[in-house]
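Thank you all for coming. I would like to walk you through one structure this morning, so please have a look at it before I start.

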Amino acid sequence: MSDQPVALYRLGDQGPAVRSIRALLMATGDLARPANAATDLYDEQVVRAVRAFQQRRGLIVDGVLGPHTHIALDGAHWKLGDRMLSHTPGHMLQGDDVAELQERLLSLGFSPDRVDGIFGTNTEQAVRRFQGAVGLAVDGSVGPGTLRAFADLTRSVSGGSPHTLREQELVRRSGHRLLGRIVVLDPGHGGDDKGTLAHGLTESEVTLDLARRIEGRLSAIGVTVLFTRSATTSPDDLLRATMANQAGADIMLSLHCDSADQSEASGVATFFWGLDRFGAWSAVGEHLANLIQREIVSRTGLADCRAHPRGWQLLQRTQMPTVRIEAGYLTHEQDAARLAEPHFLDTLAEAIVIALQRMYLGEDDTNATGVLRLDDLSAYNAQQQTSTA
Ligand SMILES: [Zn+2]
């Protein structure tokens, strides 16, 4: 990635390089400024700061400053507009400002190929296409004129870009509780749009019933729950996304049941925002989708149709992590028979709430599932509440 080899620094190292590492960690807020004279020692404090930075960035958390961490740290203090950006063969610019530029290009439909924070030829080509499209001088470099055009256009295309890092940061800052969070539940279809009709069931009714069961459980642990529709309305996906954005939701869950021409298709699948070909996706959405998938499969025994990235409008336009759940096939005889049972919908609702709580608890994925119960969670929340009061 970088044209010069980057050395490895770790606990006990000392020298001018460590001094500059310390300065970068202070700039990101991970390392406190020393009270006395600046030191050039890689001490325990630096290890902790590096670990905090790595955790936030989704890097391997080892407290050692290897090449990947070094590059990420080096680019972390740049915000779009801080400096002129252009492609320099032999020494490619890297940083958070380049990633932000790439996200904007992507959200406006000028694919830089991937959001990697490196200003390479693909990014330059995307900038050129953008400049041509909006009538700017086509030079492939990002200065004040191009930035102004971005600002004007991004306002009209609110949301929808894969702010992966920012998303993770939001969850990190939100602490480990669901208490006080806003969750938007989006029962699929509604009104005249009934969704799938099979085996005597109506998709729009099943999804609303399931949503109400989730609502009851979330409300009990202090979560504010909002619905995108009632029994008689059916807003389109863009409106549903806008409602969630305007509510400032932390999470959106879209509930559907699947259907297929072949009656043997069965099982549960989840979907999060992501476009394979751009290498961009919602990391938090993926995490939550996997948690929900795992909880539902282990608690219900529904076939595991896995979690998948999709570019669907609802997933793309929401500014918070959004997961769409296809909970069983109404066209499958056994799936449908189970979805007709109120206690089965309760189990589904419980699985989804537990998955949410697991995400906010930040639990290790290797923890055995099926241990947490709603009673434990209420107790945990009550305990958290008293300890922060
Ligand atoms: Zn549906």
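Predicted model: local features only at pLDDT ≥ 70, side-chain atom pairs only at ≥ 80, totals over all residues.

Residues are numbered from 1 along each chain as its sequence is written, and side-chain values use heavy atoms, with hydrogens and water left out.

Let me begin with the metal. Which protein donors does the zinc ion have? They are His-189 through NE2, Glu-203 through OE and His-256 through ND1, lying 2.1 to 2.2 Å from the ion, where a donor is an N, O or S atom within 2.8 Å of the metal (3.2 Å for Na, K and Ca), and since water is not among the atoms, sites may look incomplete. Along the chain these donors follow the spacing H-x13-E-x52-H. His-189 sits in the loop between β1 (182-187) and β2 (197-198), whereas His-256 belongs to strand β5 (residues 251-258), so the pair ties together parts that are 67 residues apart in sequence. Helices here are DSSP runs of H or I with at least four residues, strands are runs of E with at least two, and both are numbered from the N terminus. His-189 counts as buried, because its relative accessibility is 18%, and His-256, at 9%, counts as buried too.

Next, a helix pair. Helix α8 (residues 203-220) packs against helix α13 (residues 342-361) at an angle of about 50 degrees, with the axes 9 Å apart; axes are lines fitted to C-alpha atoms, for helices over the stretch in contact, and angles run from 0 to 180 degrees between N-to-C directions. That makes α8 oblique to α13, given that angles under 35 degrees count as roughly parallel, over 145 as roughly antiparallel, 65 to 115 as roughly perpendicular and the rest as oblique.

Finally, Gln-293 is found in helix α10 (residues 283-300). Is Gln-293 buried or exposed? At 4% relative accessibility, Gln-293 counts as buried, and, leaving aside residues up to four places away in sequence, its contacts include Val-268, Thr-270, Asp-304 and Arg-306.

Technical notes. Buried < 20%, exposed > 50% of the residue type's maximum accessible area, 1.4 Å probe, protein only. Contact = heavy atoms within 4.5 Å.
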